[in-house]
Amino acid sequence: QRFTPEAVALINLIPTDIGRPIEQIVVNTLGYGRLVPDIQRVLDTLIPIEVEVHTTRTWHLLRIRPYRTLKNVIEGAVITFTDITELKNGQEGLRRLAAVVRDSRDAIVVQALDGAILAWNPGAERLYGFTEAEALARNIRDLVPLALRDEVLARVKQLGEAASLQPYRSQRIAKDGHLVEIELTATALTNTDRNPYAI
């Protein structure tokens with residue numbers, strides 16, 4: 001019946017397509033050939049459908065909803081495409097990062113600014129002896145020798161101000177109580193406003 005100019009990039013539409021059956025229209029998404037059956041399902045059940053679809057360059061969230069008039073009569077379906085390319089790229093980046101963290105032989109620990117342990121990879125399990133579940137119930141200060149706690153707190157404060165720190169040597173306490181000599185690289189994780197939220 002009608003379409004916005006933005007829809008043309010995802011569905012091959014021209015003004016003379018208005019009035020043509022939707023099954024005659026070519027959709028430019030890859031791996032998604034259910035548009036007509038999904039529209040029919042929404043019209044039959046009145047339950048909206050959401051599905052992620054992609055072109056060669058972009059990802060979109062495709063939503064199909066019943067179109068209700070002001071008199072509460074169903075007169076068709078509304079199809080919307082929301083660009084989620086940035087979100088999908090971010091998810092892919094996180095998956096890759098998670099794989100690097102998981103497979104790294106180095107001990108990688110993520111901690112909140114108050115020291116609560118948020119993430120603990122297999123390398124940390126090997127180095128310190130705590131399982132992930134045991135570590136996530138702890139604060140990083142539990143692993144810091146008493147004589148070094150003031151120094152560690154000072155470094156956390158620096159990172160809390162988004163300062164970058166050079167790698168440095170330190171010690172940590174393993175699960176069995178022995179001291180582990182480490183070289184530590186600490187980086188502040190910041191949100192979109194550049195405010196640190198974790199280390």
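Tutor: Helices (H or I, at least four residues) and strands (E, at least two) are DSSP runs, numbered from the N terminus, and two strands pair if DSSP finds at least two bridges between them. The model is predicted, so that local features need pLDDT of at least 70 and side-chain atom pairs count only at pLDDT 80 or more, while totals for chains, interfaces and linings use all residues. Residues are numbered from 1 along each chain as its sequence is written, and side-chain values use heavy atoms, with hydrogens and water left out.

Strand β4 (residues 109–111) runs antiparallel to strand β5 (residues 117–120), and 3 bridges join them. Glutamine 111 faces isoleucine 117 in β5. Between the two strands lie 5 residues, and glycine 115 in this hairpin has a positive phi near 95°.

Another group of strands forms an open sheet of 3 strands in the order β1-β2-β3, with antiparallel pairing. Because β1 (49–54) and β3 (74–83) stand at the edges with a single partner strand each, one side of each has no neighbour in the sheet. Neighbouring strands here are turned by 25° against each other on average, direction ignored; axes are lines fitted to C-alpha atoms, for helices over the stretch in contact, and angles run from 0 to 180 degrees between N-to-C directions. Strand β2 (residues 59–68) pairs with β3 over 8 bridges in the antiparallel sense, and leucine 62 stands opposite phenylalanine 81 in β3.

Helix α1 (residues 35–45) packs on this sheet and touches β1, β2 and β3, its direction making about 40° with that of β2. Contact means heavy atoms within 4.5 Å. In α1, Leu35, Asp38, Ile39 and Val42 are buried (under 20% relative accessible area, with exposed over 50% and partly exposed in between, for a 1.4 Å probe and protein chains only). These residues lie on the same side of α1, because they cover an arc of only 100° around the axis, taken from the directions from the helix axis to the C-beta atoms. The cover over the buried residues of α1 includes β1, β2 and β3.

Which residue of α1 deserves a detailed description? Aspartate 38 lies in helix α1, and its relative accessibility is 4%, so aspartate 38 counts as buried. Apart from neighbours within four places in sequence, aspartate 38 is in contact with Tyr32, Ile49 and Ile64. Just after α1, leucine 46 takes a positive phi of about 65°.
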